[in-house]
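Subject: Structure for you to look at

Hello,

Here is the structure for your files. Please open it first, then read my notes below.

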Amino acid sequence: MELPAVNLKAIILVHWLLTVWGCMNYMFPASYAWGNFSVLAMGIWAIVQRDSLDAIMMFLTGLLLTILTDIIHVSVFYPPNNNLTDAKRFSIGMAIFSLLLKPVSCYLVYRMYRERGGEYTFNIDLESSSDSHFARNGVTRAGRDRSTYESIDQQDAPPQWPDSSKTAQPPY
């Protein structure tokens, strides 16, 4: 089943609104707002530079990290039951809804990363690893697959200066 294409602007707008609503009652420390809004700023960077793989990858990484930090913020700063007003309940609910929506957003942003030409492979083949020191110590590497890499450094470039053995042609 093919998911419909979702605009990056829509993802950022939804998370911005949920973060604003989650910050309404000052229950969370400033790190909650700073973390989420700075990741949304990286998302704006990914909108502005459509061809940049770094921008979309930083946004995806930031979303993944804010999943962890949001879990910590909600679990540590959740108020006791007798201290919950309706506004606090709404604010916490929006923060939890934003947290639940982030894995879906991460998947959609990852699809956008792939559409922009990014590819991320996880290499486990230790025998063919180019870095044998790490392969012997059991460390795998993750990154782009460079098995089809073709060096462009050693091309046969034309000489910078004309050959001195040839005479110059007379002008018209």
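A word on burial first: buried means under 20% relative accessible area, exposed means over 50%, and partly exposed lies in between (1.4 Å probe, protein chains only). This is a predicted model, so local features need pLDDT of at least 70, side-chain atom pairs count only at pLDDT 80 or more, and totals for chains, interfaces and linings use all residues. Residues are numbered from 1 along each chain as its sequence is written, and side-chain values use heavy atoms, with hydrogens and water left out.

Tyr 26

Tyr 26 sits in the loop between α1 and α2. Helices here are DSSP runs (H or I, at least four residues; strands are E, at least two), numbered from the N terminus. Tyr 26 counts as exposed because its relative accessibility is 74%. Its phi is near 55 degrees, a positive value in a residue other than glycine. Most residues other than glycine have a negative phi.

The cores

A nonpolar core is a set of buried Ala, Val, Leu, Ile, Met, Phe, Trp, Tyr and Cys residues joined through side-chain atoms within 4.5 Å. The largest one has 19 residues. Leu 8, Ile 56, Phe 59, Leu 63 and Val 109 have the most contacts inside it. Four helices each supply at least two of its residues: α1 (8-22), α2 (30-48), α3 (53-77) and α4 (86-115). The largest share, seven residues, comes from α3. A second, separate core has six residues, including Met 27, Tyr 32, Ile 92 and Ala 95.

Take Ile 56 as an example. Contact means heavy atoms within 4.5 Å. Leaving aside neighbours within four places in sequence, Ile 56 touches Leu 8, Ala 46, Val 109, Met 112, Tyr 113 and Arg 116.

Aromatic pairs

There are three aromatic pairs. Rings of Phe, Tyr and Trp (its six-membered ring) pair if their centres lie within 6.5 Å; planes under 30 degrees apart are stacked, over 60 edge-to-face, the rest tilted. Tyr 110 and Tyr 113 form a tilted pair, 6.2 Å centre to centre with 35 degrees between the planes. Both lie in helix α4, three residues apart, about one turn of the helix. Tyr 113 is buried, at 4% relative accessibility. Tyr 110 is partly exposed, at 28%.

The record

The unreviewed UniProt entry annotates residues 26-48, 55-78 and 90-110 as "transmembrane region". Such annotations may be inferred rather than shown by experiment; positions use the numbering here, and feature names are shortened. In the model, residues 26-48 are 83% helix and 0% strand, with end C-alpha atoms 31 Å apart. Residues 55-78 are 96% helix and 0% strand, with end C-alpha atoms 33 Å apart.

Best wishes
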